Amino acid sequence: MFTRCLTIALMGCGSTSLGQTLLREKLPADAVTTVEVAVNLDGEMTLPGAKPQRLAVVGTSQLNYVERALPAEDAQKLLRIYKTIDIRRTVGDRKQTADIRKDVRRLVVLRSNNVKSPFSPDGPLLWSEIDVVKNDLFAPALADGLLPGKEVKPGDSWNATASAVRELTDLEKVSVGALVVKLVGVVTFDGKSRARLSVSGSLRGVDDNGPAKHTLDGTAYVDLDTSLLSYLSVKGTHELLDGEGRTNGRIDGRFTMTRKLTPSEALSDAAIAKLGVKPTPENTRLLYLNDELGVRFVHSRRWRVGAVQGKQVTLDGPNGAGLLITMEDRKSLPTAEAFLKETQNFIAQEKGTVANVTPPKRVRTSPATDRFEFDANLGKEQLHLVYAVIAGKEGGATLAARLPRADAKALSADVDAVLKEIELKK
């Protein structure tokens, strides 16, 4: 809930007739909005265990960004540029922050099946940076779910869709309750006519933390001249429930958002034409940084970093594929020839067989990287194994990849992408 930084764009309200107001999202294709968001949280949660521990939770976030909707064939798409990101949380005595590096704050955000997937045309993202964006609201989906798409009169109310509920609460499934939207009336201030909406409800279901209850009460104003939601304020309570439905923690929050239409050369047609806004295996790669181990590499989004223990980092790939990077000092770093002999001896000890050996070959000069590979049969497993020895100036690393042979070609390319850009530091 803390990192949910609400981004809302409710547009499309129009003319009024016979006391009715059309509430529907419809913006020009080149419309750009500036969004400012503030979130404040205060509450407590209980850590399970033999002696449950109750911890205070306090959080704040301030976001400022511009964004524009882009056409997409099988998903919804936004191009967003973050200008300010300040996300802080304290759980007990542990302080946490979240951010996005300044050189990748221009992002394409895709949404499909309630899941948001960002990438940057300017470089690979960290998992932590993806989490910041995934916890934002996606404006078009929320608008479609909150606005009725038809004319309504003051006093009329309707239920928000499951998609809108998911955007506001993170509830994957609602078992009890509904989020109700109501047109309170049309008011005039600052020389503009605005539709005033109330958004309220109590819902039970399951979110990322397990069983939960969410209670929301908010007010929104929609500019009827520009069809833009210019203001939204929501007070919410998130109750964490145990298996029997009893409250096991409570977090109260206040969200405030202001939004306005603003031209932006950075999001113009000419600027977008120069960018890669379609996802590819290259621009969706992820960045892994570990300053303690002194290693940096990029990898395909098909792989996820698994265990990080001692001097080793593991990646888990599709269909049981795995990759292990072991940091070594110069004394313990083997030569590629010695590493090849060691791996073949191990397979022989396990009563396996080796075939189609490609001997060590230098594939990169800085850091010096020697790579070899072969097929292996271990029991019923038919594998393709890829290895490398990476020698830096003050240390090195070995890489061992275990790939199912049926998908060896594509997975070997993923391994080579890691080797192509891996960096070792002291």
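View 1. Arg54 counts as partly exposed because its relative accessibility is 45%; buried means under 20% relative accessible area, exposed over 50%, and partly exposed in between (1.4 Å probe, protein chains only). Glu44 is partly exposed as well, at 33%. Arg54 forms a salt bridge with Glu44, and the closest N and O atoms are 2.8 Å apart. A salt bridge here is a side-chain nitrogen of Lys or Arg within 4 Å of a carboxyl oxygen of Asp or Glu. Arg54 belongs to strand S4 (residues 53–70) and Glu44 to strand S3 (residues 33–47), so the pair ties together parts that are ten residues apart in sequence. Strands (E, at least two residues) and helices (H or I, at least four) are DSSP runs, numbered from the N terminus.

The model is predicted: local features need pLDDT of at least 70, side-chain atom pairs count only at pLDDT 80 or more, and totals for chains, interfaces and linings use all residues. Residues are numbered from 1 along each chain as its sequence is written, and side-chain values use heavy atoms, with hydrogens and water left out.

**View 2. Asp136 and Arg80.** A salt bridge joins the side chains of Asp136 and Arg80, at 2.9 Å from N to O. Asp136 sits in the loop between helix H1 (127–134) and H2, while Arg80 is in strand S5 (residues 76–91); the pair links distant parts of the chain, 56 residues apart. Both Asp136 and Arg80 are buried. Salt bridges that share partners join Glu67, Arg80 and Asp136 into one network.

**View 3. Glu244 and Arg246.** The side chains of Glu244 and Arg246 form a salt bridge, 3.3 Å from N to O. Glu244 counts as exposed, because its relative accessibility is 64%. The salt bridge count comes to 24.

**View 4. Helices H2 and H3.** Helix H2 (residues 139–146) packs with helix H3 (residues 162–169) at an angle of about 130 degrees, and their axes are 7 Å apart. Axes are lines fitted to C-alpha atoms, for helices over the stretch in contact, and angles run from 0 to 180 degrees between N-to-C directions. H2 and H3 are therefore oblique to each other; angles under 35 degrees count as roughly parallel, over 145 as roughly antiparallel, 65 to 115 as roughly perpendicular and the rest as oblique.

**View 5. Residues between H2 and H3.** On the H2 side, Ala141, Leu142, Gly145 and Leu146 meet Ser163, Ala164, Glu167 and Leu168 of H3, where contact means heavy atoms within 4.5 Å.
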